[in-house]
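Please find below a short note on the model under discussion.

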Amino acid sequence: MCLCLGPAKSGKTFLMKRLQGDEINDATHTVSTNGINLFTVKNNTGEFDMIIREIGGSMAPIWKHYFDKVRKIIYTVDTSNLCQISAAGVLLYSLLVEPRLRNVKIALALNKMDLSYRQMRNEALLMLQYSRLQKEVVQEIIIFETSGMTGQGIEELRNWLFDPATLKSAINANK
């Protein structure tokens, strides 16, 4: 199972809609998720799919109730909002110390890159203390620069979701 987590208004829903293949344009809008959205994402060939639970940022205090059987987490951070990055870091650290998430793979989605200036990636990683994270946590964390609006990073994120190990376990489950 895969979860999509992150602070409120970090762009989780747009990102999931784009991954799911929904058409996104300037008229598309979402409201803050106060609950759970389920998204079905297919791999590049359409042969396999995965259900991703997007849990609203306002529900962070109860995220822990959804950690059982999780293998991957997409964690979104709004890079266009400097104030939110520190709060996102606190939430991320709370996930990384959770014993049930010790073996999960984490995609750190530096989201809304279309609204950020180029240096924002580095500033976001500094504010999240990413170099320290790499040394101190056991989880595998990979960074993606994404935008639900433009589609930046979507295919890379899809490839991460459907990596060879995930596809192999899906094939074995269907036998």
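The following points take up side-chain pairs, loop residues and a surface patch in turn.

1. The structure is a predicted model. The remarks below should be read with that in mind.

2. The aromatic pair. A search of the whole structure finds one aromatic pair. Phe144 and Trp160 are its members, and their geometry is edge-to-face, with 6.3 Å from centre to centre and 65 degrees between the planes. Phe144 belongs to strand E6 (residues 140-145) and Trp160 to helix H5 (residues 154-161), so the pair ties together parts that are 16 residues apart in sequence. Both Phe144 and Trp160 are buried.

3. Lys72 and its two partners. Which residue lies over the face of Trp160? Lys72 does, at 4.7 Å from the ring centre. The side chain of Lys72 also meets that of Asp163 in a salt bridge, at 3.1 Å from N to O.

4. A second salt bridge of Asp163. The side chain of Asp163 meets that of Lys105 as well, with an N to O distance of 3.2 Å. This pair links distant parts of the chain, with Asp163 in the loop between H5 and H6 and Lys105 in strand E5 (residues 105-111), 58 residues apart.

5. The remaining salt-bridge picture. How many salt bridges does the structure hold? There are nine. One of them joins Glu98 to Arg100, with the closest N and O atoms 3.0 Å apart. Glu98 is buried, at 18% relative accessibility, while Arg100 is partly exposed, at 37%. Glu98 and Arg100 are also linked with Asp68 in a network of salt bridges.

6. Gly56. Is Gly56 buried or exposed? With a relative accessibility of 0%, Gly56 counts as buried. Gly56 is located in the loop between strand E3 (49-55) and E4. Leaving aside neighbours within four places in sequence, Gly56 is in contact with Lys12, Thr33, Gly35 and Trp63. For Lys12, the separation from Gly56 is 44 residues in sequence and 8.3 Å in space, C-alpha to C-alpha.

7. Ser147. This residue is placed in the loop between E6 and H5. Ser147 is buried, its relative accessible area being 1%. Not counting residues up to four places away in sequence, Ser147 touches Leu15, Asn111, Lys112, Met113, Asp114, Gln152 and Ile154.

8. Positive phi values. Two residues may be examined under this heading. Lys9 is not a glycine, yet has a positive phi of about 65 degrees. The position of Lys9 is in the loop between strand E1 (2-5) and helix H1 (12-20), and Lys9 is exposed, with a relative accessible area of 59%. Gln129, likewise a residue other than glycine, has a positive phi near 55 degrees. Gln129 occurs in the loop between helix H3 (120-127) and helix H4 (130-136). The relative accessible area of Gln129 is 38%, and Gln129 is partly exposed.

9. A nonpolar surface patch. Which residues make the nonpolar surface patch of about 270 Å²? The patch is made by Ile36, Leu38 and Ile51. Ile36 is situated in strand E2 (residues 36-42). With a relative accessible area of 34%, Ile36 is partly exposed.

How values were computed
Residues numbered from 1 in each chain as written. Predicted model: local features only at pLDDT ≥ 70, side-chain atom pairs only at ≥ 80, totals over all residues. Heavy atoms only, no water. Patch = residues over 30% accessible without salt bridge, like charges linked within 9 Å, V, L, I, M, F, W, Y side chains within 5 Å. Areas by Shrake-Rupley, 256 points an atom, 1.4 Å probe, with all protein chains shown as cover. Salt bridge = Lys/Arg side-chain N within 4 Å of Asp/Glu carboxyl O. Helix = DSSP H or I, 4+ residues; strand = E, 2+ residues; numbered from the N terminus. Buried < 20%, exposed > 50% of the residue type's maximum accessible area, 1.4 Å probe, protein only. Phe/Tyr/Trp six-rings, centres within 6.5 Å; stacked < 30°, edge-to-face > 60°. Lys NZ or Arg CZ within 6 Å of the ring centre and 35° of its normal. Contact = heavy atoms within 4.5 Å.
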